[in-house]
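Here is a short tour for you to follow with the model open beside the text.

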Amino acid sequence: MEQANLTEKKIYLVRHCSAHGQHRDSPLTTNGLQQANQLAEFFSNLDEEIDHIISSPYLRAVDSIKPFANKAQLTIHVDERLKERILSEDPIDDWLDVLEHSFQELDFSLPGGESSNDAIERAHEVIDQMNSTTFRNIVIVSHGNLLSLLLHRYDQAFGFDTWKAMQNPDVYTLQLGRQIVRPVQVDWKSDL
């Protein structure tokens, strides 16, 4: 029996640029707007051509990739499954401790919050969907917590400490194909 030809895919996972706040409609800072232009240059100068963009519905995520989408004449496909993870419906004083606990116990959740496993599953649905398309080089823009959890699914070394070390923006790649998945951090930053 002939083995199916699985196309290798590269998915660029982008944490959004610097923003004013964490609300759904928080805009990018002046520095964040400059970072978005740098992202546009980075993706424009790759050896491979990006053929699909998916973003969290949050303004800071969409605006992070908008300069590149405009330059490449690509549509930004908004996907609710890439929205930021909610820890709790109520404010939490010790949210950093709670977040760390949620990385250690993936099924843990507070009232009105989302467990790490639930967040991983919804984000992974997007990866699964892309794996069954003809797109080869995909950009996905989301949020640090969700991306750290998604990367944890492929590499157990990604966790709370990795999340703490992330910057705005950060870029990681997933190499998909023949059931091999490798997350790799992309070194692209300038001094911004």
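This is a predicted model: local features need pLDDT of at least 70, side-chain atom pairs count only at pLDDT 80 or more; totals for chains, interfaces and linings use all residues.

Tyrosine 12 counts as buried, at 3% relative accessibility. Leaving aside neighbours within four places in sequence, tyrosine 12 is in contact with Phe43, Leu46, Glu48, Ile50, Ile138, Val139, Ile140, Val171, Tyr172 and Thr173. The C-alpha atoms of tyrosine 12 and glutamine 175 are separated by 8.9 Å, although the two residues are 163 residues apart along the chain.

Now for the chain as a whole. Among its contacts with a separation of 6 or more, 67% are between residues 24 or more positions apart. Of the 192 residues, 48% count as buried. The protein chain has 6 helices and 6 strands, and along the sequence they follow the pattern β-α-β-α-β-α-α-β-α-α-β-β.

**How the helices pack**

Two packed helices are described by the distance between their axes and the angle between them. Two pairs can be set side by side:

| Helix pair | Axes come within | Crossing angle |
|---|---|---|
| Helix 1 (residues 30-44) and helix 2 (residues 59-72) | 7 Å | roughly 45° |
| Helix 4 and helix 5 | 9 Å | roughly 80° |

Take helix 1 and helix 2, whose axes cross at roughly 45°. That angle makes helix 1 oblique to helix 2, and their crossing is right-handed. On the helix 1 side, Ala36, Asn37, Leu39, Ala40, Glu41, Phe43 and Ser44 take part, and they meet Asp63, Ser64, Ile65, Pro67, Phe68 and Lys71 of helix 2. By class, this contact has 7 nonpolar, 3 polar and 3 charged residues. Phe43 of helix 1 is also one of the residues that tyrosine 12 touches.

For helix 4 and helix 5, the axes cross at roughly 80°, and the two helices are therefore roughly perpendicular to each other. Helix 4 contributes Ser116, Ala119, Ile120, Glu121, Arg122, Ala123, His124 and Ile127, while helix 5 contributes Leu146, Leu149, Leu150, Arg153 and Tyr154. The residues of this contact divide into 8 nonpolar, 2 polar and 3 charged.

Is histidine 124 buried or exposed? Histidine 124 is buried, because its relative accessible area is 8%, under the 20% cut-off. This residue lies in helix 4, residues 116-131. Not counting residues up to four places away in sequence, histidine 124 touches Leu150, Arg153 and Tyr154. With arginine 153 there is also a polar contact of 3.5 Å between the side chains.

Helix 5 itself (residues 144-154) has 9 of its 11 residues buried, so it is largely enclosed by the rest of the structure. The buried residues of helix 5 are Gly144, Asn145, Leu146, Leu147, Ser148, Leu149, Leu150, Leu151 and His152.

**Two spots in the loops**

Glutamine 73 lies in the loop between helix 2 and strand 3 (76-78). Its phi is positive, about 55°, although glutamine 73 is not a glycine. Glutamine 73 counts as exposed, at 74% relative accessibility.

The other spot is the peptide bond that joins asparagine 168 and proline 169, which is cis, with omega about -15°. Proline 169 lies in the loop between helix 6 (160-165) and strand 5 (170-177).

How values were computed
Residues are numbered from 1 along each chain as its sequence is written. Side-chain values use heavy atoms; hydrogens and water are left out. Axes are lines fitted to C-alpha atoms, for helices over the stretch in contact, and angles run from 0 to 180 degrees between N-to-C directions. Helices (H or I, at least four residues) and strands (E, at least two) are DSSP runs, numbered from the N terminus. Angles under 35 degrees count as roughly parallel, over 145 as roughly antiparallel, 65 to 115 as roughly perpendicular and the rest as oblique. A crossing is left-handed if the near helix is turned anticlockwise from the far one by less than a right angle, and right-handed if clockwise. Contact means heavy atoms within 4.5 Å. Ala, Val, Leu, Ile, Met, Phe, Trp, Tyr, Cys and Pro count as nonpolar, Asp, Glu, Lys and Arg as charged, and the others, Gly among them, as polar. Buried means under 20% relative accessible area, exposed over 50%, partly exposed in between (1.4 Å probe, protein chains only). A polar contact is a pair of N or O atoms within 3.5 Å; within protein, one must be able to donate a hydrogen and the other to accept it, and residues adjacent in sequence count only if both atoms are side-chain atoms.
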